[in-house]
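Dear colleague,

I am handing over the structure we spoke about, and below it you will find what came out of a first reading. Please look through the coordinates alongside the text.

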Amino acid sequence: MDELNRSEWLAAVGGFVLFVGGAVAAGVLHARDSLTVPGGAILAVVAIVGEMALVGAAVRALLRSDTEGVERQDAAAASMVTVLVVVVGGLAYSLLEAFAGLPRVTAAVPAAVALATWVVSWTWLRGEARAE
Amino acid sequence: MIGNRLPVLRAERRWSQAELARRAHVSRQTIVSLENGRYEPTLKIAFRLASVFGLPVEGIFSPDPDDLGQVSHDPVAEAP
């Protein structure tokens, strides 16, 4: 990924602050039983806007960079592993949830699992490349 | 696996992997992976390396015989 330019840095940092701020504020208010529905909606939108700004800045920098090389192959492999894990895991858990009484989970769980799976796969593949 | 002469060509010029990576505008891991057969280059990288060494692509890379074995040169069979 190329270096982020000034506006992208601003978008990334600002987006991160909005995302964390919105999510933490909503969490704290929810824990205190003082989160109203309109307030929750506003804080959710703040967090979503921040998330979009952060991801958008990263994607713009990534698309500007030269994505040739073994990194592309490793990113594709990590993406395939992620899709496999999330689809198989998601379907398996949905059956256990429906028929075995496992607790319902928020949509944030598969998102976090997908992110973690991709990062672990990518790191492992990169480590393999360095070890050779 | 597509073979390549990168280690030989690099040694002839006394270039390190990092130096070749810099000249071809790729990461050092890409050169390492190319040399040990973990990665087959895209056409873009193959042409970059050909330009760096001043050789045709075929002067650096050699095709996988098993892969070429799947190619058919027979004329299309006429339907009966």
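Chain A has a radius of gyration of 19 Å, whereas a compact globule of 132 residues would have one near 14 Å; the radius is taken over C-alpha atoms, and the globule rule is 2.2 Å times the number of residues to the power 0.38. This is a predicted model, in which local features need pLDDT of at least 70 and side-chain atom pairs count only at pLDDT 80 or more, while totals for chains, interfaces and linings use all residues. Residues are numbered from 1 along each chain as its sequence is written, and chains are lettered from A and ligands numbered from 1 in the order in which they are written.

Taken along the principal axes, the C-alpha atoms of chain A fill a box of roughly 55 × 50 × 20 Å. Its secondary structure comes to four helices and zero strands, where helices (H or I, at least four residues) and strands (E, at least two) are DSSP runs numbered from the N terminus. Of its 132 residues, 17% count as buried, a residue being buried if 20 or more other C-beta atoms, placed from the backbone, lie within 10 Å of its own, exposed if 12 or fewer do, and partly exposed in between. Contacts (C-beta atoms, placed from the backbone, within 7 Å) with a separation of 6 or more in chain A are, for 82% of them, between residues 24 or more positions apart.

Helix α1 (residues 6-31) and helix α2 (residues 37-64) of chain A have axes that come within 7 Å and cross at roughly 150°, the axes being lines fitted to C-alpha atoms, for helices over the stretch in contact, and the angles running from 0 to 180 degrees between N-to-C directions. That angle makes α1(A) roughly antiparallel to α2(A) (under 35 degrees counts as roughly parallel, over 145 as roughly antiparallel, 65 to 115 as roughly perpendicular and the rest as oblique). The residues of this contact divide into 20 nonpolar, eight polar and three charged, with Ala, Val, Leu, Ile, Met, Phe, Trp, Tyr, Cys and Pro counted as nonpolar, Asp, Glu, Lys and Arg as charged, and the others, Gly among them, as polar.

Turning to chain B, its five helices and two strands run β-α-α-α-α-β-α from the N terminus on. Chain B has a radius of gyration of 16 Å, against the value near 12 Å that a compact globule of 80 residues would have, and its C-alpha atoms fill a box of roughly 60 × 25 × 20 Å along the principal axes. Buried residues make up 20% of the 80 residues in chain B.

Within chain B, the axes of α2 (residues 17-24) and α3(B) come within 8 Å and cross at roughly 110°, which makes α2(B) roughly perpendicular to α3(B). Here Q17(B), A18(B), L20(B) and A21(B) in α2(B) meet R28(B), T30(B), I31(B) and V32(B) in α3(B). The buried residues of α3(B) include I31(B) and L34(B), and α3(B) is followed by G37(B), whose phi is positive, near 80°.

Finally, the contact of the two chains takes 13 residues from chain B and nine residues from chain A. On the side of chain B that touches chain A, the elements giving two or more residues are α3 (28-35) and α4 (43-53) of chain B, and the largest share, four residues, comes from α3(B).

With best wishes
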